Amino acid sequence: FAIAQPLGGLRGDAARGREIVVERGRGNCISCHLLPIPEHPMHGTLAPPLGGVGARLSAGELRLRVVDQKLVNPETIMPAFYRHPARYNRPHPDYAKTILSAQEVEDVVAYLVTLK
């Protein structure tokens with residue numbers, strides 16, 4: 001399973017993606033995943049480590065997992081960072097939006113593919 005094409009035809013920026021994965025108000029991937037970012041000492045151990053993930057998964061496979069990991073693993077607790085709001089069950093209007101924008105998803109994917 002993969003989303004082969006970049007969302008909206010956007011090009012991701014790995015440096016911005018690295019910022020997003022550590023930023024608490026956006027991706028906050030570091031709260032669950034161990035990442036090769038030594039200047040941030042607190043990494044989660046709840047989810048798989050992401051070191052080397054760019055060697056194991058294609059950009060399309062990574063994109064799908066960031067967009068909605070439940071499409072790969074229905075039992076996951078990982079949030080869907082770009083699930084269409086219509087797929088949520090009666091969301092409050094303040095929360096009827098994606099967690100990350102399409103550009104932010106592409107930035108995170110661009111960063112993750114660098115993790116070889």
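**Burial, pocket, backbone**

Tutor: Start with α3, which is mostly covered: seven of its ten residues are buried. Buried means under 20% relative accessible area, exposed over 50%, partly exposed in between (1.4 Å probe, protein chains only). Helices are DSSP runs (H or I, at least four residues), numbered from the N terminus. This is a predicted model: local features need pLDDT of at least 70, side-chain atom pairs count only at pLDDT 80 or more, and totals for chains, interfaces and linings use all residues. Residues are numbered from 1 along each chain as its sequence is written, and side-chain values use heavy atoms, without hydrogens and water.

Student: Which residues of α3 are buried?

Tutor: Gly60, Leu62, Arg63, Leu64, Val66, Val67 and Asp68. These buried residues pack against α2 and α4 (102-112), where contact means heavy atoms within 4.5 Å.

Student: How is empty space found?

Tutor: Rolling a probe the size of a water molecule over the atoms shows where empty space is left. Here, the largest pocket holds about 560 Å³ of space. A pocket is an open set of points on a 1 Å grid over the protein atoms alone, where a 1.4 Å probe fits, with protein on both sides within 12 Å along at least five of seven lines; lining residues have an atom within 4 Å of a point. Of the 25 lining residues, His33, Ala47, Pro48, Leu50 and Met78 are the closest to the centre of the largest pocket.

Student: Which helix gives the largest share of that lining?

Tutor: α3, with three residues. α2 (53-56) and α3 (59-68) each supply at least two.

Student: What is the phi of Asn28?

Tutor: Positive, about 55°, although Asn28 is not a glycine. Asn28 lies in the loop between α1 (14-22) and α2.

Conventions
Points joined across faces, edges and corners; volume = space filled by probe spheres on them.
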